[in-house]
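Hi everyone, thanks for coming. Let me put the structure up on the screen, and then we'll walk through a few spots together.

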Amino acid sequence: MTLAQLQVLVAAAKAGSFTRAAEEIGFTQSSVSQMIHTLEKELGVSLFHRSRSGITPTSIGERMLQHARDILNITSLMTQEANSARGLASGTLRIASIPSVASRLLPGLLGSFRKRFPEVEILLLEGENDEIHSWLNNAVVDIGFTVHADKNLQTLSLLHDEMMVILPDTHPLKDHVTLPFSEIADRCFIMPKDGCIKNLLHKNSITPSVTFEVRDVTTILTMVQEYVGVTIMPELYIPEITPKVVAIPLHPPITREVVLAVRDWQEISPLTAEFAIHSQQHVQGLGQKPVAK
């Protein structure tokens, strides 16, 4: 069993096809097929179901994939630590993020991190909480920005993201410093298509009568601007440049906690640890205070 075989195994599972995997990793299709066949023969099990539509891991194949990812992560960590000992900062950092963090925080954060470590390759996946938790648990990514992290994960708190009422900038309530939900309870409500927001509102006894459910934030804000309805969303969702709307803090205040999550802080690479520290410093530099524990 070789590292190359394990890399091919992971690539094939991700691509769902030996041909596509070969294209992505620069091997020939025949060499990918042969390496998988050799690995299956060595292990004595079938790793993939094969069909005309592609390949899918078998039950034992899924378990072997997890072991393969763990081994590849360990070898990557060894390489990074060796590079660090030689005063080098290189390697690959795999990050996952919920959309609101990806759009508001990550551009500046990744830009400043790249200036410090120009040789580091950064891979970014954007997804919802459940997807990010799965990617972390299965070692698809090294670190993730999320809220309400899975209990199997370890977290580092970054900031509190406050829920805001969004109204047209000509609305009679636009000058209020804060707004209780009762002021907008009978109005047409546009619900962001985000399960975490729904759960957070429900947890705080807010159950709006939803008329529209929309995923795209820009569409929601434009609908508010045109008096289609009002909405409540986290502050990080709101673009720096908005249509003709105002954002007013909800009263009593409701916040969600944005965290950095990993499988185990004791096992992360030096590069991942450096990114976590850099993220905290970046948030502080923006005037945000890390969440007190």
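This is a predicted model: local features need pLDDT of at least 70, side-chain atom pairs count only at pLDDT 80 or more; totals for chains, interfaces and linings use all residues.

Residues are numbered from 1 along each chain as its sequence is written, and side-chain values use heavy atoms, with hydrogens and water left out.

Back to Phe275. Together with Ile95, Val101 and Phe145, Phe275 touches the most other members of the largest nonpolar core, which has 35 residues. By such a core I mean a set of buried Ala, Val, Leu, Ile, Met, Phe, Trp, Tyr and Cys residues joined through side-chain atoms within 4.5 Å. Buried is under 20% relative accessible area, exposed over 50%, partly exposed in between, with a 1.4 Å probe and protein chains only. Apart from that core lies another, of 31 residues, including Ile190 and Met233.

Next, Ser97, in strand S3, residues 91–97. Strands (E, at least two residues) and helices (H or I, at least four) are DSSP runs, numbered from the N terminus. Ser97 has a relative accessible area of 0%, so this residue is buried. Among its contacts beyond four places in sequence are Leu106, Glu126 and Phe145.

Now the helices. The axes of H1 (residues 3–15) and H3 (residues 29–43) come within 9 Å and cross at roughly 110°. Axes here are lines fitted to C-alpha atoms, for helices over the stretch in contact, with angles from 0 to 180 degrees between N-to-C directions. H1 and H3 are therefore roughly perpendicular, a label for angles of 65 to 115 degrees; under 35 is roughly parallel, over 145 roughly antiparallel, and the rest oblique. H1 brings Ala4, Gln5, Val8 and Leu9 to this contact, and H3 brings residues including Val32, Ile36 and Leu39.

Leu39, in helix H3, counts as buried because its relative accessibility is 0%. Leaving aside neighbours within four places, Leu39 is in contact with Met1, Gln5, Leu9 and Leu47. Leu39 and Thr2 sit 37 residues apart in sequence, with 8.8 Å between their C-alpha atoms.

And how close do the axes of H2 and H3 come? Helix H2 (residues 18–25) and H3 have axes that come within 8 Å, crossing at roughly 110°. Thanks, all!

Notes: Contact means heavy atoms within 4.5 Å.
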